[in-house]
Amino acid sequence: MKLFPAHYRILIYLVAILLSNTALGHQVIDDRLLRKIDSSVSIWMKKGKIPGASLVLVSGDYSVIRCYGYADLALEKKVVPGTLFELGSCSKAFTAMAVMQLERNGQLRLDNKVTDYLPWFRMKYKNVVAGITLRQLLHHTSGIPWETIAGIPEDSSSGALERTVRTVMGTSLRHKPGKQFEYATVHYDILALIVEKVTGMTFERYLRDSVIKKIGLSHTSIAIPDDAMMMATGYKTGFLRPFPYVAPRYAGNNAAGYVISNATDMQEWLRFQMGLTDSETYTVAQATQKRDETVPLHNMSSYAMGWNVSLNGNEEIYHDGLNPNFSSYLAFRKKRQLGVALLTNSGSSYTPWIGDMVLKILAADDIDKDGFSDDRSDSIYTLICGVLAIYIMLLLAGLLVMIWQLAAGKRKRGDRPLKSILKLLTAMLLGVPFLIGIYYIPVVMAGFNWDAAIVWSPLSFKAMILMILSAFFFSYLAYFVGLLFPATDKLQGTMPRVVLFSVFSGIANMIIIALVTSSINSEVELKYLLLYYILALSVYLLGRRFVQINLTRMTRNIVFELRMKMIEKIFSTSYQRFEKMDSGRIYTVLNDDVTMIGESANTVVSLITSIFTTLTAFLYLAVISFWATTLTVTLIILISVIYYFVSKSTNVYFEEARETRNSFINLVNGMIEGFKEISLHRKKKAEYKQDIADTADEYRKKISIANIHFVNAFLVGESLLVLLLGVVAFVIPKIFPYVQSHVVISFVVVLLYLIAPVNEILNSVPSIMQLKVAWSRIQLFLNEIPQGAGQGGVQAAPVTRHTVFRVDGLTFQYKDENDHIDFAIGPVDFTVKAGEILFIIGGNGSGKTTLAKLLTGLYQPDQGNIYLDDEIISGEQLSECFSTVFSPAYLFNKLYNLDTTKKAEEIKKYLQLLHLTDKVTVNGNRYSTIKLSGGQRKRLALLQCYLEDSPVYLFDEWAADQDPAYRNFFYRRLLPEMKMAGKIIIAITHDDHYFDIADTVLEMNQGQLRPWKGHPADILTNT
């Protein structure tokens, strides 16, 4: 040695160790390897919400302890090598050692029956008593079901072990003993009780004295820590974070899950199990590591005694432990002298994965990212809690609104409280299957009872159940209050339920898919799968039906209210303003636009359901992989934006098509109203037909262009969806390498399923845009209709007899868009008294018809007044004083504003007077027919004047369509009779042969009313 300096000696020593380890297959634990391990462990601890951990690494003669995180988060107490943890089921290896020691000492035999030591312990397989051996208990092949863990009582008193074992009795064995592996933690509790019977001491004392101390584990105990100050605080996840959790004491399960130790002792325990220490009891450990070769494998492993033995070629021996608030993992490869022990203070399913990953890093094995699959139960429960919290808050807000409405008088007590109670009882009866479904959740999850489910599940599970029950309670409360005190506004009362059931229907739709996909290779019993499938299907179908029926009713009510609102607005405006409105536009709005809204129910139902189905699906995907879902949602938002702008560009075509349709309707209206005129000349008819054809063709082209643009937009959207599938399948695994293959497959399956709902949403865009156009047109139409002052809401003045009708300085002007005067009337001045006849004559375009509209109150004058008996009168009150027959006369099928029952004799009299008895009859308040000649129609219009019996009559060219006899009859008989009846009669006429019967004849010329030169001026009353 003197030949070499000190640093050379150190170097040679290290090389020797390296060569030694390499020869054994070790990987040198250097700083680079430790950094890799530390990084990986930290990443996965963060994913698993694990507060603290101790990690033991063994490679040949070299071992190291790494500590991570906190033993107590609140106190910020860091984990150290001496920090104590519960080992969970890794405790079974200690119990197996105790049993094997007794077997070596001849105090018991593994092939003896349990009843040899516990005579009262009898189990049955298919109702026949079956004997179970100690060896079968050690190997978990007794047939005792796994879910018996749920029956372990919370007990910390003396005798807890026997009471725990007795809870198993009465349980039917799932398999014949010795035929199949099924892990059941109570196997080792039964063994512990046998140890007590054989040794005459408590199991805990025997294990401490005969196993733990002999191996030299100075810090290891069972159930109670040797140093409470070093005991880590146990945690359980809830709402995506760890919470301190004090688990119940299960003293009867100490032998199976409650050995307490630290990293220092676990380092010795690993070395002992690998034969790296000198110990007289190592042969016992070797015996416990011998696998059971009598039953089939499970997951390429076979169970020994407190250890699993891997048969995938690496000869790994391992076991994991899981308690409600602690977890552990121990594994070693004896030939390569590699071992790992991981202790954590969280009941996390991540712990075995992390421990196995570290051992693979030590062994330089490939790490299969698909080897770990977290159940993500806390994420799912948290998500459900969040949704339920929003739902409950909305319910409470709804209840507060109901109370406010009740106080404000917007809700009143229903007339049928008994019927409301029956409805509530029916609803509660329908809720029973869902409560049954909730009750069976622990059984479906793990074959547990409720106590065990709450202990072993994340904290969010209990919160979820409480919130589900709260949601049920508040739902029924809101429903009952709504039934007892219904809203006066039906829409207001129905809409919240429609939205709610739309949400339920969409969520149920996604649950159906989740149930179908998860049923493959599922261990859940078929009856439970069918129960939840039927419940989800019922919610989907009944929810969809409720939404569709109520939306149909709502939209039809909206259509009715819109129509009536528009009609009321039209009726409330003056004739003068109505006359300026585009008739084609009125037809289009009242028919097409309103019908479009009425037919939107199915579109809206499908859209709402598809939206909530899509949202639920993405929430589900977010639980699987948040960042991958974020990327997917971002891409879908990008797709939606592109689709929106592509679709929006087509909106102008719908607008133009809508305008063209107005023109088309106007032409059709002209065809109907003027068919007689256009039928006179073939060329005129052909030209008019061509105008209609051109307009219809223009509409066809514009609506086709709009629809084609939407087809293009839809194809863009669909192509982008298919592209999204490619991104998920090919890109996400590259961007997020930790995302496992089954997660990518889940994404692809869900996105494939979502193509239909997303396409439904995309397909609804044209309908929604057309609906938006229709709604905008309706609102614009309503806003543009000017309501006449005093129209629609003013009570009509009672019709009284008047003696004088006087017009004083009446003027009126027609103006164009630039406010230029096109034509003007007045000033007009005249007076006519009761029992007088006034004739107004003049050429076409002189202003006679305009004057008639001013006199009857249909037009409002710019200046001047109309007096009845020296009282200024205008508007509706003026028109109420008139009975008129305009030219052309329009007849309604029904006689309005008349009590035809009281006027039956008058009707009969006037029909005879007008020679219409053989042409028409009045049944009730309807004409038998109005399909009459022009002259007969005017006589029938005159009948209505007689029946209305107004003080002032106005006739516009009444005799123009009559034959000479009836013309003479009108002038020589009817007008004089009206005069004798004291009526004020104003007649617009060209019949100069009958001017002699008029008291006054005024001539209209260029808007000016002057005395007719052919009549004596001195009979005019206002000159």
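## Strands, helices and a surface patch

Strands β14 (residues 327–333) and β15 (residues 338–344) are antiparallel partners joined by seven bridges. Two strands count as paired if DSSP finds at least two bridges between them. Across this pair, Arg333 has Leu338 in β15 as its bridge partner. Both strands belong to an open, antiparallel sheet of eight strands, ordered β3-β2-β1-β15-β14-β13-β12-β11.

The model is predicted, so local features need pLDDT of at least 70 and side-chain atom pairs pLDDT 80 or more, while totals for chains, interfaces and linings use all residues. Residues are numbered from 1 along each chain as its sequence is written, and side-chain values use heavy atoms, without hydrogens and water.

Helices (H or I, at least four residues) and strands (E, at least two) are DSSP runs, numbered from the N terminus. Two helices are listed here.

| Helix | Residues |
|---|---|
| α12 | 377–408 |
| α13 | 417–439 |

Helix α12 has 32 residues and spans 46 Å from first to last C-alpha, close to the expected 46 Å; the expected span is 1.5 Å times one less than the number of residues. Buried residues of α12 include Tyr381, Cys385, Leu388 and Met402 (buried is under 20% relative accessible area, exposed over 50%, partly exposed in between; 1.4 Å probe, protein chains only). Gly409 follows α12 and has a positive phi near 85 degrees.

Leu425 lies in α13 and counts as partly exposed because its relative accessibility is 47%. With Leu418, Ile421, Leu422 and Met428, Leu425 makes a nonpolar surface patch of about 480 Å². Such patches take residues with over 30% relative accessible area and no salt bridge, joining nonpolar side chains (Val, Leu, Ile, Met, Phe, Trp, Tyr) within 5 Å and like charges within 9 Å. A salt bridge is a side-chain nitrogen of Lys or Arg within 4 Å of a carboxyl oxygen of Asp or Glu. Areas come from the Shrake-Rupley method with a 1.4 Å probe; for residues, only the protein chains shown count as cover.
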